[in-house]
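I opened this notebook to record what I looked up in one structure. The entries follow the order in which I took up each topic.

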Amino acid sequence: MSAWLEVEHLDVRFPLGEGGLLRESQGYVHALSDVSLHLDQGETIGLIGESGSGKSTLGRAILHLVRPTAGAVHFEGENLTALSEAAIRPFRLQMQMVFQDPYDSMNPRMTVGQIIMEPLNLQHIGTARGRRKKAEDLLERMGLDRRAMNRYPVQYSGGQRQRIAIARALSTEPRLLVLDEPTSGLDVSMQARILNLLKDLQSEMGLGYVFISHDLGAVSYLAQRIAVMYLGRIVELAPTRVLTQQPAHPYTVSLMDALPPMVRQNDQERLPPPSGEPPSPVHPPAGCAFHTRCPHVAARCKELRPPLQELSGGHYVACHFPLGGVGTAI
């Protein structure tokens, strides 16, 4: 049986621009390369990795805010990639995004009520009175007073604006939310409040989440499985407990070692943070993309790209020499 959400061999390339007399492309940014994953209804999958690893692009490609160059996204058995923009519109009611900076995604000239009701107005859902009632109910569900309906985003804190953004995303009663760094820039207490709110909403509404974050602690709290991304590819994918206690890819281990000791959950070999900057996504290296920064690099790593293969029990890694004694060269 196919998964509720299925991403298959997804590629996204962005042209660098046009130039020269013949206006030929100056190359491409390889934002995503051969990315595959699935999500079951009511499940959360976390995406972690450095800036530029492709996490946000993957989230946008799942919702077709960015059109994939190759591959497919299936939602409830429907191949969204094969649909026209008009045909995909009804699916947007079921799939919404919460952006990293809610203020940037809000029109400062619109009241909070207008912002929450905007998706309903665009889709002509319900009556004017019904839309207002739904917006008021959502505000209360987010822990905000109904008087916010007539106020403006600038009058609220970052954490309050993020709750307004979540209310807007929920207005169409979606079943899938892509959450792009929803706790970034918030203090610790507000981060905890947002995460607990998301967990409660998921339990009540059966929502599926794609949770994008740099914060492995936040991802570990919310997600049942975690995918680690590097230079547009998934390099490790595993159940949360397995990944945090037995990471097998050197890049994942380096991310774990950047956490404070009280957060880190594994006692494997410590690895220093990756040295230098990631390679250019315009000219990705041959072989394993991480080989230019990996402390365990071997000749094979520079020549052959390791496939994402299962080690055991839903634990996948793209490494010729996975760590932790879980296997030998793949």
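**Entry 1: Val 12**

I looked up the contacts of Val 12 (heavy atoms within 4.5 Å). Leaving aside neighbours within four places in sequence, I found Val 12 in contact with Val 29, His 30, Ala 31, Leu 32, Thr 57, Ala 61, Val 66, Pro 68 and Thr 69. Val 12 belongs to strand 1, residues 5–15. I take helices (H or I, at least four residues) and strands (E, at least two) as DSSP runs, numbered from the N terminus. The relative accessible area of Val 12 is 0%, and the residue is buried. Here buried means under 20% relative accessible area, exposed over 50%, and partly exposed in between, with a 1.4 Å probe and protein chains only.

**Entry 2: Basis of the values**

The model is predicted: local features need pLDDT of at least 70 and side-chain atom pairs count only at pLDDT 80 or more, while totals for chains, interfaces and linings use all residues. Residues are numbered from 1 along each chain as its sequence is written, and side-chain values use heavy atoms, with hydrogens and water left out.

**Entry 3: The chain as a whole**

I noted 10 helices and 14 strands in the chain. Of its 330 residues, 48% count as buried. Among contacts between residues at least 6 apart in sequence, 60% join residues at least 24 apart. The chain exposes about 15400 Å², of which carbon and sulfur atoms supply 51%; the areas come from the Shrake-Rupley method with a 1.4 Å probe.

**Entry 4: Pockets**

I searched for pockets on a 1 Å grid over the protein atoms alone; a pocket is an open set of points where a 1.4 Å probe fits, with protein on both sides within 12 Å along at least five of seven lines, and lining residues have an atom within 4 Å of a point. A volume is the space filled by probe spheres set on the points, which are joined across faces, edges and corners.

The largest pocket has a volume of about 450 Å³. Its lining has 18 residues, and Arg 92, Gln 96, Pro 119, Leu 122 and Arg 168 are the closest to its centre. Helix 2 (85–92), strand 8 (95–98), helix 3 (112–122) and helix 5 (158–170) each supply at least two lining residues.

For the second largest pocket I recorded a volume of about 270 Å³. Among its 18 lining residues, Arg 233, Ile 234, Pro 306, Leu 308 and Ala 318 lie nearest the centre. Strand 4 (28–39) and strand 12 (233–239) give two or more residues to this lining, and strand 4 has the largest share, four residues.

**Entry 5: Cysteines**

How many disulfides does the rule give? The count is zero, a disulfide being a pair of cysteine sulfur atoms within 2.5 Å. For Cys 294, the closest cysteine sulfur is that of Cys 301, at 6.3 Å, which is too far for a bond. The sulfur of Cys 301 has its closest cysteine sulfur in Cys 288, at 6.2 Å, also too far for a bond. Cys 294 is buried at 15% relative accessible area, and Cys 301 is buried at 10%.

**Entry 6: Thr 183**

I located Thr 183 in the loop between strand 9 (176–180) and helix 6 (188–205). Thr 183 counts as buried, at 5% relative accessibility. Beyond neighbours within four places in sequence, Thr 183 is in contact with Gln 191, Ile 194 and Leu 195.
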